[in-house]
Amino acid sequence: MAQSKLVPEKAREACYKLLSVCYQLPSQEWHQVQLIDGLAQALEILNSEAAVDARAMLYIVDETKDLTQLQVDFSKLFVGPSRLLAAPYASVYLGNERQVMTETTAEVVEFYHKIGIDIAESKEIPDHIRVELEVMYYLSLKERRSINEENVEEENMYKAFQKEFLERYLGIWIDDFTAQLEKEAPSDFFKHLARVTATFIHEDIARFQY
């Protein structure tokens, strides 16, 4: 298989993986592993419009030696202890009562089982944004490996899984979540993160329309 086809596939994987890390508590490791720089580079390989906001995120992180304030902002948005400014759970946006662990959560768990993922030991609620991004990373990794092995049947299967997950789960609630995040974000970093997430996912959804 021509390596030229695998380059964008690796970039997609990187985007999903690195975006998922962005929804964890900011830490000094971000500087050490050049997390945001890697995200920006991957988006640029894909010619994504989200690269501009990723570069803005990188500038903020590079200019912020102490990430304490970003950690505080993260907690206000996603952790609590008071009302979450931007709850990172699909069930909050898809249900009628803005609660977690609803029927929509059970549905996504059923999908995970179908694709061979057991998250019983995970510390996160199954429909957390970080988990759903990780699932897309896993499926895109499986697709790329199938391409590399020239296994067309598996390649098509993992493409179908990704399309289904985006259309039935992640793509359904991402706009409401990122709009809430951009509106409530105490700092520009998380406003840019909201735009990167929404833009990249919509571009990836479009990828499966052809």
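A nonpolar core, as I use the term, is a set of buried Ala, Val, Leu, Ile, Met, Phe, Trp, Tyr and Cys residues joined through side-chain atoms within 4.5 Å. Buried means under 20% relative accessible area, exposed over 50%, and partly exposed in between, with a 1.4 Å probe and protein chains only.

**Ground rules.** I am reading a predicted model, where local features need pLDDT of at least 70, side-chain atom pairs count only at pLDDT 80 or more, and totals for chains, interfaces and linings use all residues. Residues are numbered from 1 along each chain as its sequence is written, and side-chain values use heavy atoms, with hydrogens and water left out.

**The core.** I looked up the largest nonpolar core and found 65 residues in it; Leu170, Phe177 and Phe190 touch the most other members. I then followed Leu170: leaving aside its neighbours within four places in sequence, I find it in contact (heavy atoms within 4.5 Å) with Ile129, Glu132, Leu133, Met136, Phe165 and Ile201.

**The fold.** I count 10 helices and zero strands; helices (H or I, at least four residues) and strands (E, at least two) are DSSP runs, numbered from the N terminus. How compact is the protein? Its radius of gyration is 17 Å, close to the 17 Å that the globule rule gives for 210 residues, so it is as compact as a globular protein of that length. That radius is taken over C-alpha atoms, and the rule is 2.2 Å times the number of residues to the power 0.38. Along the principal axes, I note that the C-alpha trace spans about 50 × 40 × 30 Å.

Of the 210 residues, 49% count as buried. Among contacts between residues at least 6 apart in sequence, 68% join residues at least 24 apart. For the accessible surface I have about 10600 Å², of which 49% belongs to carbon and sulfur atoms; the areas come from the Shrake-Rupley method with a 1.4 Å probe, and for residues only the protein chains shown count as cover.

**Two loop residues.** I find Asn47 in the loop between H3 and helix H4 (51-62), exposed, with a relative accessible area of 69%.
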